[in-house]
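Biologist: I would like to go through this structure feature by feature. Please give me the general idea where there is one, and then the case at hand.

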Amino acid sequence: MSKITRHGTNPILSTAVEYHGFVFTAGLTADDTSQDVTGQTKQVLAKIDAALEELGTDKTRLLTAQIWLKDIRDRDAMNKVWTEWLPQGGAPCRACVEANMADPRLLVEIMVSACR
């Protein structure tokens, strides 16, 4: 049986999980919620870069992404940052939906999976 390694685990969630060469992050959000969706998206993508590096992979190995926006009308602004961040030809499978956020100041949340 393959080993499951959990990181940053608390009673509710793990911030990341590794299994059989795959890594999965929890939904990541911005720390500075005073910024607009562009600024918050940049923060989240920087967190994803750091999390993937810590887990031994990077954005060139993305498989899937789930994106939640507080307001779907922010999709174009978020996509501008997203596409600039992605490696050319390296877009993962993705879903992007509007959602009520746990904190109303949060404008975007992103969760990814990648392989090593």
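Modeller: We will take strands, charged pairs, aromatic rings, cysteines and a surface patch in turn. Keep in mind that this is a predicted model.

Biologist: Let us begin with the strands. In which sense do β4 and β6 pair, parallel or antiparallel?

Modeller: The pairing of β4 with β6 is antiparallel and runs over seven bridges. One of the contacts to look at is Leu 62, whose bridge partner in β6 is Ala 114.

Biologist: How many bridges join β4 and β5?

Modeller: Six bridges join them, and here the sense is parallel. Strand β5 covers residues 93-98. Within this pairing, Cys 93 of β5 is found opposite Thr 64.

Biologist: Next, the charged pairs. What is the general idea, and how many salt bridges are there?

Modeller: Side chains of opposite charge can pair when their charged atoms come close. The count for this model is five salt bridges. Among them is the pair of Glu 18 and Arg 116, with 1.9 Å between the closest N and O atoms. This pair ties together distant parts of the chain, since its members are 98 residues apart. Glu 18 belongs to strand β2 (residues 16-19), while Arg 116 is in the segment after β6.

Biologist: Is Glu 18 buried or exposed?

Modeller: Glu 18 has a relative accessible area of 16%, so it is buried.

Biologist: Which other salt bridges can I inspect?

Modeller: Asp 71 and Arg 73 form one, at 2.7 Å from N to O. Arg 73 is exposed, with 70% relative accessibility. Another joins Asp 103 to Arg 105, where the closest N and O atoms are 2.6 Å apart. In that pair Asp 103 is partly exposed at 21%, and Arg 105 is exposed at 52%.

Biologist: Now the aromatic rings. How is such a pair read?

Modeller: A pair of aromatic rings is described by the distance of the centres and the angle of the planes. This structure has one aromatic pair. It consists of Trp 82 and Trp 85, with ring centres 5.4 Å apart and planes at 40°, so the pair is classed as tilted.

Biologist: Then the cysteines. How many disulfides are there?

Modeller: The number of disulfides is zero. For Cys 93, the closest cysteine sulfur is that of Cys 115, and at 12 Å it is too far for a bond. Cys 96 is in no disulfide either, as its nearest cysteine sulfur, in Cys 93, is 15 Å away.

Biologist: Of these, is Cys 93 buried or exposed?

Modeller: Cys 93 is exposed, with 58% relative accessibility, whereas Cys 96 is buried at 18%.

Biologist: Last, the surface. Which residues form the nonpolar patch?

Modeller: The patch is made of Ile 4, Tyr 19, Phe 22, Phe 24 and Leu 63, and together they have about 420 Å² of accessible area. Leu 63 brings us back to strand β4, which covers residues 62-69. At 33% relative accessibility, Leu 63 is partly exposed.

Methods
Residues numbered from 1 in each chain as written. Predicted model: local features only at pLDDT ≥ 70, side-chain atom pairs only at ≥ 80, totals over all residues. Heavy atoms only, no water. Patch = residues over 30% accessible without salt bridge, like charges linked within 9 Å, V, L, I, M, F, W, Y side chains within 5 Å. Areas by Shrake-Rupley, 256 points an atom, 1.4 Å probe, with all protein chains shown as cover. Salt bridge = Lys/Arg side-chain N within 4 Å of Asp/Glu carboxyl O. Helix = DSSP H or I, 4+ residues; strand = E, 2+ residues; numbered from the N terminus. Buried < 20%, exposed > 50% of the residue type's maximum accessible area, 1.4 Å probe, protein only. Phe/Tyr/Trp six-rings, centres within 6.5 Å; stacked < 30°, edge-to-face > 60°. Disulfide = S-S within 2.5 Å. Pairing = 2+ DSSP bridges.
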